[in-house]
Amino acid sequence: MSYRIAVAAAPGQMGREIVKTLAERDFPTASFAALASGRAVGGAMSHGERNLVVEAVERHDWAGTDLLFMAPGTPAPVLLARRAVAAGCTVVDATGMSDPDAPVVVPEVNPGALAGNPRIVANPVSGAILMAMALHPLQALGGLLRVVATSLQPVSGAGRDAMDELFSQTRGVFVNDTASPEQFTKPIAFNLIPHIGAFGEDGRTEEEEAIAEDLPRLLGGDFPVTATCVRVPVFIGQSVAVQVVFDRPIDEAEAREAIRGAPGLTLLDRRDDGGYVTPLETVGEDPVFVSRLRLDAAVPNALLLWCAADNMRKGGALNAVQIAEELDRRGALGR
């Protein structure tokens, strides 16, 4: 069966990656609509061999759509999702804003959350995706008591304008031209900014709250998660340094075997120079890579690990498309 597909905020960074990934994975498509608002309307895009003209999302006919992907930058996502669902459409939401009760899903981790054929499914934030992928196979070895993480997030997560700002500021350093920050609160070139999203009353940012909420939902536990999210001067590729505490002693060799045998994971962990994965090496790659796996000498029953992935692939667009593929396998798409 082929589906009538729409992607909202299609010209944006994540929207383009969703369009590209759908074509690469040959998702069954009867028709395709690239949607946006404002000045992006009327622009040109492609989906495989299809040439597309970006249409106004406000005028789209949802009765003629089976599946909507909402990429970051989608205008009024709550209202848009409601309209699409009311017309019989299924929504994969990568904005994290449309429905707080929608299941958050990583297909390799919790496909059972799609039972009952929900009409809205949420793509988790990228940091939660990376950690869920790495920690899920370890749950067979012991229950999770606590997770503490530092998420190092590239500028592509903030969109194309943020990538342009990193490029222009980096170039400006070498020609002694200081530019004022526009996309970030402080200069991003040759710098780190421990601030992603608005601050809450408890001192956490929105991104840190989202990781703390998404990860237990993905892994099916009731354990506390503490995250510190840092914007780093990297264009694409996210990394997370993780400490995970279990309810029993963990054998390091068993942990390695569990990760090595898990779908969507690649263990690359040699204890020599260069025997680990950096964000640059994940660009364009689908797996989540795990490195620096070791016992924590300071905390009983704890493991330390480093995971990295292309935030635009498994950390974003690929996971969204995999959700749609799983819905298709379950016969949950179409009318």
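In this predicted model, arginine 329 and glutamate 326 form a salt bridge, with 2.9 Å between the closest N and O atoms. Both residues belong to helix 8 (residues 313-329), where they sit three residues apart, about one turn of the helix. Glutamate 326 also meets the side chain of arginine 330 in a salt bridge, again with an N to O distance of 2.9 Å.

The residues of these two bridges fall into several accessibility classes. Arginine 329 has a relative accessibility of 60% and counts as exposed, because the exposed class begins over 50%. Arginine 330, at 35%, counts as partly exposed. Glutamate 326 has a relative accessible area of 13% and is buried, since the buried class covers values under 20%.

The structure holds 15 salt bridges. One of them joins the side chains of aspartate 66 and arginine 4, at 3.0 Å from N to O. This pair links distant parts of the chain, 62 residues apart: arginine 4 is in strand 1, and aspartate 66 is in the loop between strand 5 (55-56) and strand 6 (67-70). Aspartate 66 is buried, at 5% relative accessible area, whereas arginine 4 is partly exposed, at 29%. Elsewhere, a network of salt bridges links Glu17, Glu24, Asp286 and Arg313.

| Salt bridge | N to O distance |
|---|---|
| Arginine 329 and glutamate 326 | 2.9 Å |
| Arginine 330 and glutamate 326 | 2.9 Å |
| Aspartate 66 and arginine 4 | 3.0 Å |

A search of the whole structure finds two aromatic pairs. In the pair of tyrosine 3 and phenylalanine 27, the ring centres are 6.0 Å apart and the planes lie at 35 degrees, so the pair is tilted. Tyrosine 3 is in strand 1 (residues 3-8) and phenylalanine 27 is in the loop between helix 1 (13-24) and strand 2 (29-36); the pair thus links distant parts of the chain, 24 residues apart. Tyrosine 3 is buried, with a relative accessible area of 2%, and phenylalanine 27 counts as buried at 4%.

Phenylalanine 174 and phenylalanine 190 form an edge-to-face pair, with 6.0 Å from centre to centre and 70 degrees between the planes. Phenylalanine 174 lies in helix 4 (residues 160-174) and phenylalanine 190 in the loop between helix 4 and helix 5 (206-219), so this contact ties together parts that are 16 residues apart in sequence. Phenylalanine 174 and phenylalanine 190 are both exposed.

Definitions and conventions:
Residues are numbered from 1 along each chain as its sequence is written. This is a predicted model: local features need pLDDT of at least 70, side-chain atom pairs count only at pLDDT 80 or more; totals for chains, interfaces and linings use all residues. Side-chain values use heavy atoms; hydrogens and water are left out. Rings of Phe, Tyr and Trp (its six-membered ring) pair if their centres lie within 6.5 Å; planes under 30 degrees apart count as stacked, over 60 as edge-to-face and the rest as tilted. Helices (H or I, at least four residues) and strands (E, at least two) are DSSP runs, numbered from the N terminus. Buried means under 20% relative accessible area, exposed over 50%, partly exposed in between (1.4 Å probe, protein chains only). A salt bridge is a side-chain nitrogen of Lys or Arg within 4 Å of a carboxyl oxygen of Asp or Glu.
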